[in-house]
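Please look through the sequence and the coordinates before reading on. The paragraphs below are meant to be followed with the structure open alongside them.

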Amino acid sequence: MRRIYLDHNASTPVHPEVLTAMLPYFAECFGNPSSIHSFGREARDAVETAREAIAGFLGVAKEEVVFTSGGTESDNLAIKGIAGAPRSGHIITSQIEHHAVLRTCQHLEREGFSVTYLPVDGHGLVDPEAVERALRPDTILVTIQYANSEVGTIEPVEEIARVARARGVPFHVDGVQAFGKVPFQVREIGIDLLSFSSHKIYGPKGIGGLYIRKGTRMVPIQHGGDHERRRRAGTENVAACVGFAKAVELRAREMHDEARRLTQLRDRFWEGIRERVPDVRLNGHPTRRLPGTSNISFKGVEAESLILALDLKGIGASAGSACTSGSLEPSFVLTAMGEPPEWALGALRCSMGRGTTAEDVEYVLEVLPAAVQRIRALSPANVA
Amino acid sequence: MYNPTLLDHFRHPRNVGLMRDPDGAGESENPVCGDLAKFFLRVTEGKVAEARFQTYGCGPSIAASSLATELIRGLTIDALAALTPDAVETALGGLPPDRRHSADLVVDALRAAAQDYRSRAVVVPEGGAEGV
């Protein structure tokens, strides 16, 4: 059976060149980067070369890049690391952040911090003026995602950065979904901390990074050796660092063309759905959105049954984020965007990537409308 | 993720749709996930002769509804009212823990249909000979 993967916001396949680059760092060059001998030095060289490549891609200094175990750890390190310096204060975030940010903030609330969860508009945009209004003398951090994983909306991070900087408040950006998909320079924007991940851009799982602008005051959250300039204890995952850097290098080459191609595919997909299926709506911003991401609601269809129907046809799509797909309730992101439950429950996320072709999109456009029609025919809502 | 019996009922649902002048009808809704199931019964000599369904919900809820229309054929109304979610789940070949609500949904709707049949049977007695 033909298989089409439309869940690139959840994870991506490791690029063959990435895999090849990683292989020597398991059994041949296996040393501990902290060791003094030549085995260790070889591993250290690999880690630092990788760090340099990633820093170069971001347009930052190599000392400002910390390797972590992934996006979730990066978010935790950024938020708890900043919060741990003054040990009290106020944090501003939005209602549609990834759970790695939301639940970290909720944890800090239980620890005595206060948190403002800003609402978003119908497209999922945070209002920079609302950020400004929420700022307090004791605000220690503003944390807003670059792009939302479920709907793909790209937040006005430049404006938010200006607001935060004017008040001297550190600005953390969860860039996991945008990193390597849309071009941006962290210095020009004025980001103080940026979380990013490898497995969303055809690198291995289990590795990510956090950019920490020089001079940012924070504490480590994981204690141990002096790794990563004492900002993140633990022996570096050498092979993963190498793979991550290779993935970044490939993104630097492909990203611009890919972004254009995927935007076309994405728009063709929505156009095709709209022509073929009644009672549909596009969630997220119509244009200010990640290139490959389409979140579409089918009224009268419960998304789980649609995902199952598509899966039986070899198509892998999702209902919002992979982390919450076991949940029975409508997406908190769509709910925050003001979407009524009858629409939110029928939301399908299709996220395309470098393996997605125009033929794939046409195939899905053949299969999907029939699946929707079939499920709607089973439903009492259709007859009522 | 799902077993072959469940997938078969999802792919080829049996007895879908409305029934003209049913002898009993019932529905149930799960307020958390929004799933909604409706059943229609044709009852002959106190036993379920035919059942049809309409369901809005996840794959397991659709499959459990389809399976139930076959499972309950031939049951007395008392047996239908006593049907348990476990019986539906077992017949379906098992459900993942986070999809058990599908069996609850179907059983609640079927019990409501059984109750509806009983209330009709009392209100419109056919020379007092109906049912019981």
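This is a predicted model: local features need pLDDT of at least 70, side-chain atom pairs count only at pLDDT 80 or more; totals for chains, interfaces and linings use all residues.

In chain A, the domain assignment gives domain 1, made of residues 4-11 and 255-383, and domain 2, which covers 16-250. The C-alpha centres of domain 1 and domain 2 of chain A lie 28 Å apart, and the contact between these domains takes 24 residues from domain 1 of chain A and 27 residues from domain 2 of chain A. On the side of domain 1 of chain A that touches domain 2 of chain A, at least two residues each are supplied by α10, β10 (293-298) and α12 (332-336) of chain A, and the largest share, three residues, comes from α10(A). By class, this side of domain 1 of chain A has eight nonpolar, twelve polar and four charged residues.

As for V242(A), its contacts, not counting residues up to four places away in sequence, are with A21(A), M22(A), Y25(A), A46(A) and A50(A).

Helix α4 of chain A, residues 71-83, has 13 residues and reaches 18 Å from its first C-alpha to its last, close to the 18 Å expected at 1.5 Å a residue. In chain B, the 13 residues of α2(B) should span 18 Å at 1.5 Å a residue, and its end C-alpha atoms are 18 Å apart, which agrees. α2(B) is likewise mostly covered, as twelve of its 13 residues are buried, including G59(B), P60(B), I62(B), L67(B) and L71(B).

α2(B) also takes part in the meeting of the two chains. The contact takes 19 residues from chain B and 16 residues from chain A. On the side of chain B that touches chain A, the elements that give two or more residues are α1 (4-11), β2 (36-44), β3 (47-56) and α2 (59-71) of chain B, and the largest share, three residues, comes from β3(B). The residues of this side of chain B divide into ten nonpolar, five polar and four charged.

Most residues other than glycine have a negative phi. Y202(A), although it is not a glycine, has a positive phi of about 75°, and its place is in the loop between β7 (193-197) and β8 (208-212) of chain A. R230(A), also not a glycine, has a positive phi of about 65° and is found in helix α9 (residues 227-230) of chain A. Are these residues buried or exposed? Y202(A) is buried, because 27 other C-beta atoms lie within 10 Å, whereas R230(A) is exposed, with 12 other C-beta atoms within 10 Å.

Methods. Residues are numbered from 1 along each chain as its sequence is written. Chains are lettered from A and ligands numbered from 1 in the order in which they are written. Two residues are in contact if their C-beta atoms, placed from the backbone, lie within 7 Å. Helices (H or I, at least four residues) and strands (E, at least two) are DSSP runs, numbered from the N terminus. Ala, Val, Leu, Ile, Met, Phe, Trp, Tyr, Cys and Pro count as nonpolar, Asp, Glu, Lys and Arg as charged, and the others, Gly among them, as polar. The expected span of a helix is 1.5 Å times one less than its number of residues. A residue is buried if 20 or more other C-beta atoms lie within 10 Å of its own, exposed if 12 or fewer, and partly exposed in between; C-beta atoms are placed from the backbone. Domain bounds come from an automatic or database domain assignment.
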